[in-house]
Amino acid sequence: MIITLTANPALDKTIELGEPLAPGAVQRAVASHVQAAGKGVNVSRAIAAAGGATLAVLPGASTDPLVTALAHDQLAHRNLPIAEALRTNTTLTDPDGTTTKINEPGPVLDAQQLAELGELVAEAAAGASWLVMAGSLPPGVPAGFYAQLTSKLRAALGAKCPKIAVDTSGAPLLELFAHGQQHIPDLVKPNAEELAQLAGGYSEAALEGSIELAASCAQQLLDRGAGAVLATLGAQGALLVTKQGAWHGSHTPIIPRSTVGAGDSSLAGYLLADAAGASAPERLRNAVAYGAAATQLPGSTIPTESDLTAGAVTVSELTSTQGTES
């Protein structure tokens, strides 16, 4: 069972434009899509679509349109009732795949609600294989929420605590490494911008332009206590760095349609392969295949196994890293 926590879920509305975005102009959409989402919800969707066992945990009233959409889609979930409505995120996609996102802040959660959300996660996660904590935090929530919850779950659940993966950005990402080992997840999934933020002194473009530099930055996170790093690098594919070695995966060129949810799909692909007992290179291969498939689909559409082209993915070991895993 893979549990996901989406602290700040959203209805994702994607508008596909027939021409490049022209600020200040009136433009017509060629299509639009609305889906109950948020990074953790997206991961659960991909896992469920592949037949995997998953449960999405999130705040939101049972009558909220996002929660009712999850029920309609028959995605297993547990929601913490709150009074405020959940947010809507709007994405504009150009014909060449360029994406413009407008994300609303989301409802405010008080200390009591945060504590109850943590308890809900602990109940669901006991005995699970993975817990994924993903996405931004609602307004007013302390930046260290994911780090502190990681530590609390490990202390409370002990041997029943699942492996923990975190996919977030900004201050919540930095907070993962601002405390002790107990606060650092087993898997961190940054994109190039987030990896540059963690490493310091580098730009997103520099890391996407140099696989070796990106791998070196990922290795820094292992040195600071992370169990593994799955770094998605846009068109350059993805990196997996573990204590056993480092690998780069790339897909043959594709025509992008929407990048919304591509990173979430990559993480889901990795976890699905892990659940099947795959080796590190094969976990990376599946992650890249899922990410590439998502990029070729409209809006935040989650790929299924029929959308994958794993044979188009090349995985190579980075020889500068010591150790191997077959």
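Seven bridges join strand 2 (residues 10-17) to strand 6 (residues 87-93), and the two run parallel; strands pair if DSSP finds at least two bridges between them. Strands (E, at least two residues) and helices (H or I, at least four) are DSSP runs numbered from the N terminus. The model is predicted, so that local features need pLDDT of at least 70 and side-chain atom pairs count only at pLDDT 80 or more, while totals for chains, interfaces and linings use all residues. Residues are numbered from 1 along each chain as its sequence is written, and side-chain values use heavy atoms, with hydrogens and water left out.

- Glu16 has Thr93 of strand 6 as its bridge partner.

- Strand 8 (residues 130-134) is mostly covered, five of its five residues being buried; buried means under 20% relative accessible area, exposed over 50% and partly exposed in between (1.4 Å probe, protein chains only).
- Trp130, Val132 and Ala134 point one way from strand 8, Leu131 and Met133 point the other way, and all are buried.
- Strand 1 (residues 2-6) pairs with strand 8 in the parallel sense over five bridges, and the bridge partner of Thr4 in strand 8 is Val132.
- Strand 9 (residues 163-167) also pairs with strand 8 in the parallel sense over five bridges, and Ala134 has Asp167 in strand 9 as its bridge partner.

- Strand 11 (residues 228-232) is mostly covered, with five of its five residues buried.
- Ala228, Leu230 and Thr232 point one way from strand 11, whereas Val229 and Ala231 point the other way, and all are buried.
- Strand 10 and strand 11 pair in the parallel sense over two bridges, and Leu187 stands opposite Ala228 in strand 11.
- Strand 11 and strand 12 (residues 238-242) run antiparallel and are joined by five bridges, with Leu239 in strand 12 as the bridge partner of Ala231.
- Strands 11 and 12 form a hairpin with five residues between them, and Gly234 in the turn has a positive phi of about 60 degrees.

**Salt bridges**

- Side chains of opposite charge can pair when their charged atoms come close.
- The whole structure holds eight salt bridges, a salt bridge being a side-chain nitrogen of Lys or Arg within 4 Å of a carboxyl oxygen of Asp or Glu.
- Glu16 and Arg257 meet through their side chains in a salt bridge (3.1 Å, N to O). The pair links distant parts of the chain, 241 residues apart, with Glu16 in strand 2 and Arg257 in the loop between strand 13 (245-251) and helix 9 (262-275). Glu16 is buried at a relative accessible area of 8%, whereas Arg257 is partly exposed at 35%.
- Asp264 and Lys39 form a salt bridge through their side chains (2.6 Å, N to O). The pair links distant parts of the chain, 225 residues apart, with Asp264 in helix 9 and Lys39 in helix 1 (residues 39-49). Asp264 counts as buried at 4% relative accessibility, whereas Lys39 is partly exposed with a relative accessible area of 28%.
- Arg154 forms a salt bridge with Asp186, with the closest N and O atoms 3.2 Å apart. The pair links distant parts of the chain, 32 residues apart, with Arg154 in helix 4 and Asp186 in the loop between helix 5 (170-175) and strand 10 (187-188). Arg154 counts as buried at 17% relative accessibility, whereas Asp186 is partly exposed with a relative accessible area of 27%.
- Lys39, Asp167 and Asp264 are linked in a network of salt bridges.

**The second largest pocket**

- About 250 Å³ of space lies in the second largest pocket.
- Its lining has 13 residues, of which Leu114, Ala115, Phe145, Leu149 and Lys152 lie nearest the centre of the pocket.
- Helix 3 (111-125) and helix 4 (145-157) are the elements that give two or more residues to this lining.
- By class, the lining has nine nonpolar, two polar and two charged residues.
- A pocket is an open set of points on a 1 Å grid over the protein atoms alone, where a 1.4 Å probe fits, with protein on both sides within 12 Å along at least five of seven lines; lining residues have an atom within 4 Å of a point.

Key: Points joined across faces, edges and corners; volume = space filled by probe spheres on them. Nonpolar A, V, L, I, M, F, W, Y, C, P; charged D, E, K, R; others polar.
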